[in-house]
Amino acid sequence: MEALLSNVDWPEIGIASWDTLVMVGMSLLFSVLAGLPIGVLLFLTGKRQLLEQPVAYAVLSFVVNVLRSVPFIILLIVMIPFTVMLIGTSLGVAGAIPPLVAGGAPFFARLVETSLREVDRGIIEATQAMGANVRQIIFGALLPEALPGIIAGITVTAITLVSYAAMSGVIGGGGLGDLAIRFGYQRFQTDVMVITVALLVIFVQVLQMAGDRLVLYFSRK
Amino acid sequence: MIVFDQVQKSYQVDGRAIPALHPTDMTIETGEVFGIVGHSGAGKSTLVRLINLLEPPTGGDIRIDGENITRYNAAELRAFRRKVGMIFQHFNLLSSKTVSDNIAFPMQLAGIYSKAEIRDRVQELLARVSLTDHATKYPSQLSGGQKQRVGIARALACRPTILLCDEATSALDPQTTQSVLRLLAEINKELGLTIVLITHEMDVVRRVCDRVAVMDAGRVVEMGAVSDVFLHPKHPTTRDFVFESESIDSEEMQEDLQKANGRILRLTFKGEATYQPLLGSVARASGVDFSILSGRIDHIKDTPYGQLTLSLIGGDLELAMSALEGADVHVEVVR
């Protein structure tokens, strides 16, 4: 066993796992904080919706599409100057978070828009008929009704961010991806590669299971 | 009182105005149950949504108790809507809220009720619609009839003066329809609130409505007391609806009539006359023989009525007809 995993530096793996956790956790938090309002706006300004605004929708939709169509590996590089401006460095755990949010937020925003569209129009109409204003319709009816879908969206976003975070190792982002690239790939330490991949798989599995449980808990349909 | 003054509604489709409701005048009295019947696409859904301005009219005025609601600003409109309850074909309950929370929802939105007030009112309404045992359930755990009763309780939460029913029984089975209609009739009597009900089933109108408007292609084609419209339909659309509700096949009926001999009369009895043993005595006095081609006895809201189609042979036909008319029976000569 020792011989088989001779290259594996366990304390290093521990630090890298923690770094991945922090990168995914922080970028997920900011992706949700930014993506949720963008998703709600996309929904509301869309065709035949409460605040129909074709121009606003087109602009917002375009920005989201641009960010989503840039391959993440390119986005990582393109974002470097912005990241340096924003937090002083483009390296390490902190340096990885801005590009992760730039990739995660628009992705999540679309998922929010989709789950809001799945709310029965009749429910919006009924809430309007009760004399609700737009704010009350959003917070009283739309978001609670779309909650299971939004939680499923958070799960998918989190898993996407795990793979994005691993990719950020390429530009010196830190975490398990960084370890896999520096040791597993560049130094041909297959054992390190296997361990990091195994840990990432476990991480994704745990996220998916937790997400599914939450969706089930909040689904009343 | 709800007054429509030349109210019209059209939708813009590809730059062209498609009329959904042609200019319409209509008055709905306070405290009555007013039915609007029509096929899908006839404009009844639009008509009922004009009353709480879910659909703003493209012309004309809507006055409710003297106030022109089409001039309301956004805040006034929201306050006004709290006084107009609405129930829907597919209930439109919030699936994420319990029965109690669904009923409390409009009161919370209004923002003028204390927690204690809301709690008491919800209890009262749960009892009113016999759902006290289901207070903590979610809508998905209820049957269709129970869901609609939650819808009714929710619509009544802010003590509205008008209740709009959008095909409220169309998704329910006949038995459940009966119980929901009974509940609506009770509410109308006890709370004195005006009910405007749209439906494509004449039977629903017959059971609960005082007056009815029949719609066809964006126009009100016939309007009046349910007994008049139901027993003596004038417009072809109305006739279709009445026949449909009595499951009369008009072609079959024509065939039957052709086979019959003599004079054919349609007699309509209303109220007490329905229960009088009239035919026999008239036949004896006038010497006519009769055979019954079709007939039914039923109720329009609380009034019993009967309608018989007879063929009469021999005897003194004039005497028979005047005797029937003298006994408060409406006589219509079919052939």
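What share of the 335 residues of chain B counts as buried? The figure is 39%. This is a predicted model. Chain A averages a pLDDT of 91, and 98% of its residues score at least 70. Chains A and B touch, with 19 residues from chain A and 19 residues from chain B in the contact.

**Confidence in chain A**
- Helix α6 of chain A, residues 121-129, has the highest mean pLDDT among the elements of the chain, at 96.
- Helix α8 of chain A, residues 176-185, has the lowest, at 81.

**Chain A: annotated spans**
- An unreviewed UniProt entry places "domain: ABC transmembrane type-1" at residues 17-211 of chain A.
- In the model, residues 17-211 of chain A are 83% helix and 0% strand. The end C-alpha atoms of that span lie 20 Å apart.
- The unreviewed UniProt entry also lists "transmembrane region" for residues 20-44, 56-80, 86-109, 146-172 and 192-211 of chain A.
- One of these listed spans, residues 86-109 of chain A, is 83% helix and 0% strand. Its end C-alpha atoms are 22 Å apart.
- Residues 146-172 of chain A are 81% helix and 0% strand. Here the end C-alpha atoms lie 38 Å apart.

**Chain A: a look at V59(A)**
- V59(A) sits in helix α2 of chain A, which covers residues 54-69.
- Is V59(A) buried or exposed? V59(A) counts as exposed, because it has 12 C-beta neighbours inside 10 Å. The cut-off for exposed is 12 or fewer.
- A146(A) is 87 residues away from V59(A) along the chain. The C-alpha atoms of the two residues are separated by 24 Å.

- On the chain A side, α6 and α7 (134-167) of chain A each supply at least two residues.
- By class, the chain A side has 8 nonpolar, 6 polar and 5 charged residues.

**Chain B: overall fold**
- Chain B contains 12 helices and 14 strands.
- Its C-alpha atoms fill a box of roughly 75 × 50 × 35 Å along the principal axes.
- Of the chain B contacts with a separation of 6 or more, 70% link residues 24 or more positions apart.

- Strand β1 of chain B (residues 2-13) pairs with strand β2 of chain B (residues 16-28). The pairing is antiparallel and runs over 9 bridges.
- Q12(B) stands opposite A17(B) in β2(B).
- The two strands, β1(B) and β2(B), form a hairpin with 2 residues between them. D14(B), in the turn, has a positive phi of about 50°.

Conventions:
Residues are numbered from 1 along each chain as its sequence is written. Chains are lettered from A and ligands numbered from 1 in the order in which they are written. This is a predicted model: local features need pLDDT of at least 70, side-chain atom pairs count only at pLDDT 80 or more; totals for chains, interfaces and linings use all residues. pLDDT is the predictor's confidence in each residue, from 0 to 100. Helices (H or I, at least four residues) and strands (E, at least two) are DSSP runs, numbered from the N terminus. A residue is buried if 20 or more other C-beta atoms lie within 10 Å of its own, exposed if 12 or fewer, and partly exposed in between; C-beta atoms are placed from the backbone. Two residues are in contact if their C-beta atoms, placed from the backbone, lie within 7 Å. UniProt positions are given in the numbering used here, feature names are shortened, and annotations may be inferred rather than shown by experiment. Two strands pair if DSSP finds at least two bridges between them. Ala, Val, Leu, Ile, Met, Phe, Trp, Tyr, Cys and Pro count as nonpolar, Asp, Glu, Lys and Arg as charged, and the others, Gly among them, as polar.
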